[in-house]
Structure formats: C-alpha cells, structure tokens
Amino acid sequence: MLSSRIGILGGGQLGLMLLQAAVDWNLDIHVLDPDAEAPCRKIAPHFTQGSLQDFDTVYNFGKDLDVITIEIEKVNVEALETLEKEGKKVYPQPSVIRQIQDKRIQKQFYAEQQLPTAEFILTENRQDVANYTSFLPAFHKLGKDGYDGRGVQRITSAADLDKAFDKPGLLEKAVAFEKELAVIVARNANGDIETFPTVEMVFHPEHNLVEYLFAPAEISEEVNAKAQEIARKTAGAFQIVGLLAVELFLTPEGEVLINEVAPRPHNSGHHTIRANATSQYEQHWRAILNLPLGSTHAYGPSAMVNLLGEDGYEGPAVYEGMEKLLATPEVFPFLYWKAITKPFRKMGHITIMDSDITSLKAKADFVQKNIKVISHKTK
C-alpha cells in the first residue's frame, strides 16, 4: 500500500503535518483545497485548487487515486460514497463522516450505543428552543457546519433565547466539569486499536479554541482508565478506519462524558510529533494503509501551546519572541505556512517538553507570554 496514490481532502495545517509525516515514507500525496495559498500548497507533490463540497470536484479529484482521506469533515460525502462504491479506499469511511458531520446524528449515535454523554434535546429552529426553558442552562449547537468554536451558544435562561440558532440543532445540558480531556484513538482495517495517552485541554474563555494542553492529564488512574476505555469503545462502535479524537468532560463526581469527536488528526495531538514514539500523523497513515499501528509511548511530560493571531492585528504575519523561544531547551515551534494573520487564527503551535511537571508548566507560561503573532497592520 505504500506505493498507492493517496488523496487528502483539505490542505490546512493538519494536512501540512500529514504531508510532513508522509515525506519519510515517500508516499505519493495529492491534496485538494479551495485556497490557492493553503498551507499544503508549498510542499504537496500534487496540489489541486477546488471546492471540498462540490460533488464533481471531489469525485474527479479522487477517481484516479487509490486511497482518499480527510483533514476536515466539511466535505462532499456523496462523492466519497460514489468513489467507495467504485472500489476506492476511503478512510475514514463516508458513513462515519456522515454520522459525525451532523452533531444531531452524532449525539443520537452515542445514546443508541450506550456511550456516556450529556443529556440533549433535538431542536428544529430558534422558536423550538423556547419550548425547553426548563432544560436550561444548556448549550445550543448547530447540527451542521459548526467548527472551531463557531456554531455553539450558551443559553443560560429565557433571556438568552435570541442567541439560539434558527436552524436544526441540539440543546445540550450544561454539565459541571472539572477538566476537559481528550484521547486520540487509531483503528486500522484489521480492527487493531491503539490509544494515545489522555491529555488535558485548556480552552480560550471566549473563542472556544484550545489554548494549550498538558500530557499526560493530571487525573487518577481510575479516571484515565475510563477515558481510555470510552475512546476505544467509541472507535469500535463507529468501526472507523483512521484516527478518532474523542473530547471528554470529567465531572466533579468522576464521570467521564463524551463531548464531541473528530474523525481525523486533531489539535489535541499536535504534541505527539516530538513527545511520542509515533506521532498522530504517522499513526493516521499506518491506520488507513492497514499497517501495524505504532507505539504511542510518551517520552515524558509535554505541553502544547496554540499560536493564535493576536487580537487587533490583521495582515502579513510577524512572529515576535522567536529568539527567546528558541533559546529555551526542549521547546519546538511548528508554523503553518499562513502568510496572513487574523485575530485568533491558528498560525502554529509550540510543543514543550520537560521531565518535571512544575518546570513544564512554568515553560508553558513563559512561552504563552513571550511569543506573539502580530502584523505591522492593525485591524
């Protein structure tokens, strides 16, 4: 399978890191992305500019390839289903992408499979949400097209009902939680499963983007075992081939609940490029090419800081503090080939390693304060 022609739908930063892993194995990679300046453009052996949501574009891109994968869920599933019927290997499978694309279907799947998740109610429009004020506080989530924090609104009381989306969605009970966790699990076509160590994520308070994470999560062995088992069961329930990132809530009572999943490499696994024996990106190739899955052994404690565009700046990106960063031991920056910065745009990430947890946290704090993405142009 290493000689297969492989296509990636999406040429963003996840595609970029998949490409970087593919270089080591001489994989013949083709990338489709709507942006002529997508991060993958500069290093992809074959790059096609085109819509990920247009049937003909996706079908024509994939018809001469052997294996097709994704780095974003917002793709034309009908085209992938047609390609699959014609004998192409499409991983994750179109049926899995279809289930996960719609959060309404995704949540119903958890309920049907008896996988732990917060209570929810399906809603059709804004007016429908008003019928469930007794269910508040809750989060209203768009069924489709929510991404990177968009498509989620907290509805605390009836006074917030105007924030509800006027499209099909779901109302998810707001649960008290102590930590937000994630487990990335890989499954190949043979059904072999490997999980990465559980990580703890810290989100930006306003923009619902991961600001930084720590690995391993500071949780009890009992909680860790629950998180790992839920991730394995979820991948098995979907029968996914590829990676599945399982985002979880840890409640004060010690319950572990599924928040959402992503059928691809994920922000919660960026650190694995340096911190683990096999990165999530190499593991993705191993899974979809039905190769033996790699060891997920962690070399030690690690952290990851997302490098977001500073608020108030929009224009050609300038990275302030790189010299301080590079002068710090075991700190590794990864930039995403994005020429233009915008407020809170993902511009890169920094992996931090240290044998001592206290020192690791101090380094993460130092990095967060000293590296900034600005522009000489202000917004």
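Throughout these views, a residue is called buried when its relative accessible area is under 20%, exposed when over 50%, and partly exposed in between (1.4 Å probe, protein chains only). The structure is a predicted model, in which local features need pLDDT of at least 70 and side-chain atom pairs count only at pLDDT 80 or more, while totals for chains, interfaces and linings use all residues. Residues are numbered from 1 along each chain as its sequence is written, and side-chain values use heavy atoms, with hydrogens and water left out.

View 1. Let's start with N259, a residue of strand β15 (residues 256-262); helices (H or I, at least four residues) and strands (E, at least two) are DSSP runs, numbered from the N terminus. N259 is buried, at 9% relative accessible area. Leaving aside residues up to four places away in sequence, N259 touches K107, Y110, K141, E172, E247, L248 and F249, where contact means heavy atoms within 4.5 Å. Its side chain also makes a polar contact with the side chain of K141, at 3.0 Å. A polar contact here is a pair of N or O atoms within 3.5 Å; within protein, one must be able to donate a hydrogen and the other to accept it, and residues adjacent in sequence count only if both atoms are side-chain atoms.

View 2. A174 sits in the loop between β9 and β10 (179-187). Not counting residues up to four places away in sequence, A174 touches P137, A138, F139 and R154.

**View 3. A salt-bridge network around K107 and E172.** Salt bridges link K107, K141, E172 and E260 in a network; each such bridge is a side-chain nitrogen of Lys or Arg within 4 Å of a carboxyl oxygen of Asp or Glu. Between K107 and E172, the closest N and O atoms are 2.7 Å apart. K107 belongs to helix α5 and E172 to strand β9, so this pair ties together parts that are 65 residues apart in sequence. K107 is buried, with a relative accessible area of 3%, and E172 is buried, also with 3%.

**View 4. The antiparallel sheet.** Four strands form an open sheet in the order β6-β9-β7-β8, with antiparallel pairing; two strands pair if DSSP finds at least two bridges between them. Its edge strands are β6 (120-123) and β8 (152-155), and the twist averages 25° from one strand to the next. Four bridges join β6 to β9 (residues 169-173), with F120 opposite E172. Across β6, β7 (138-142) and β9 lies helix α5 (residues 103-112), running at about 145° to β6. Axes are lines fitted to C-alpha atoms, for helices over the stretch in contact, and angles run from 0 to 180 degrees between N-to-C directions.

**View 5. The parallel sheet.** This open sheet has five strands in the order β3-β2-β1-β4-β5, with parallel pairing. Five bridges connect β1 (residues 5-9) with β2 (residues 28-33), and R5 stands opposite D28. Helix α2 (residues 55-62) lies across β1, β2, β3 and β4 (67-70), at about 170° to β2.
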